[in-house]
Amino acid sequence: MSSAVEASVRRYGETEPRLHAFAHFDAENSLLLEAALIATAATGALVRMPVGVKDIFDTAGAPTERGSALYAGRIAESDADVVRNLRAAGAVIVGKTVTAELAFYHPGPTRNPWNLSRTPGGSSMGSAAAVAAGVVPMAIGSQTNGSVIRPAAFCGVVGFKPSSGRLSRAGMFEFSRTLDSVGGFARSVREVAALAGAMAGEEFSRWWSDDRAAPRLAALRTSDWGKADDAARERFQGDVDRLAVAGGPLEWPAPPIGLDDAPAVLRTIMLFEAARALAADVRGREDRVSDTARRALGEGAAISEDTYGAAIRERERLIAAFAAWSANYDAILTLPALGEAPTIETTGDPRFCSRWSLIGAPAIVIPSGLGPNRLPLGLQLIGAPGDDRRLLAAAAWCEATLPPIGRPPL
């Protein structure tokens, strides 16, 4: 019987010519590292577990090109903190997964393993697709707006974005210093909790509880509800009804005042900070950046300090309002995306993630069904800021209550 790393190498060879999930895959060194772990009887929370790393996290001695011609040929000198912690837990970093350009919107080459004509989402596209296709059981991603939750929903895997600041960003490419967050992908809630704990360098018990009492849940549609596809809205209501039968009625509270304006606030902060973070790297090399990124960075450069300051203050107000509002619930249920994965010229619309990314709340998506095109639909759960363990417990209960969706055909 082959090992997990051997299986990963074999599955990479089977899928990569069509999937294009990896920017760099190091089969030889991965197998050598696994052999060394066996020879030394190494232990750890993820010992000999193959893990993919989004190509915006520095990985010592390996390319870290951030999906952009600006950084072609860049080799990281040291590991990002989360990568170092994964190695300490015994994980084998098998390769760097594709990111959308600059971890933003312009798509990379990765395809959705459920249908190769569809996007896997972005910007953590390679990580989501690699887990869905069974190349790796776990992968690192990041989220500034919707870059973990959306691709996980489109690819039918579990995606988790912990509370803002919960995981170190040292050694991670900066797009927006206020909004960037580390996240991860796995095949189950328990596995993504184990990944988060290992990335944090903490005991699993800091993230996981075996208590499976029915959680106290609320459901929220937001003002964007009407923009979602019929199939997504029907799936969401069906999920809510099934969970209510299993655990009791859900509440439908009115959201905090101003929450529906959050996407515009997020865009102001994100683009203001990105324009300034990338200004030196882009100057004089604008031809190496896509039109999509150039337009966005130009928009950000034109935002005034006063407008940015007002957006930061509104974010702080919303964080306080949401913390008080959400404390009564183990999780708030909402949509993760407009519907099934769209075609490959886009990575999809992040609007159902923007509110939670702005306020730094923990968010997780679990697969909950298939749409009319036999593509995954998901259920997003949001927790109170800092209450990641409680959110993961609620997600595990929901995962056990909803039916599995199976594996992609690739």
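I looked up the accessible surface of the protein, which comes to about 15,300 Å² (Shrake-Rupley method, 1.4 Å probe; for residues, only the protein chains shown count as cover). Carbon and sulfur atoms hold 50% of that surface.

I noted that this is a predicted model, in which local features need pLDDT of at least 70 and side-chain atom pairs count only at pLDDT 80 or more, while totals for chains, interfaces and linings use all residues. Residues are numbered from 1 along each chain as its sequence is written, and side-chain values use heavy atoms, with hydrogens and water left out.

I recorded that 57% of the 410 residues count as buried (under 20% relative accessible area; exposed is over 50%, partly exposed in between; 1.4 Å probe, protein chains only).

I then turned to helix 7, residues 230–247 (helices are DSSP runs of H or I, at least four residues, and strands runs of E, at least two, numbered from the N terminus).

I found Ala-232, Phe-236, Asp-239, Val-240 and Leu-243 buried in helix 7. They cover an arc of only 100° around the axis (from the directions of the C-beta atoms), which puts them on the same side of the helix. The face turned away carries the exposed residues Glu-234 and Val-245.

I listed the packing partners of the buried residues, among them strand 9 (363–370), strand 10 (376–382) and helix 12 (388–401) (contact: heavy atoms within 4.5 Å). Just after helix 7, Gly-248 takes a positive phi of about 105°.

Technical notes
Expected span 1.5 Å × (residues − 1).
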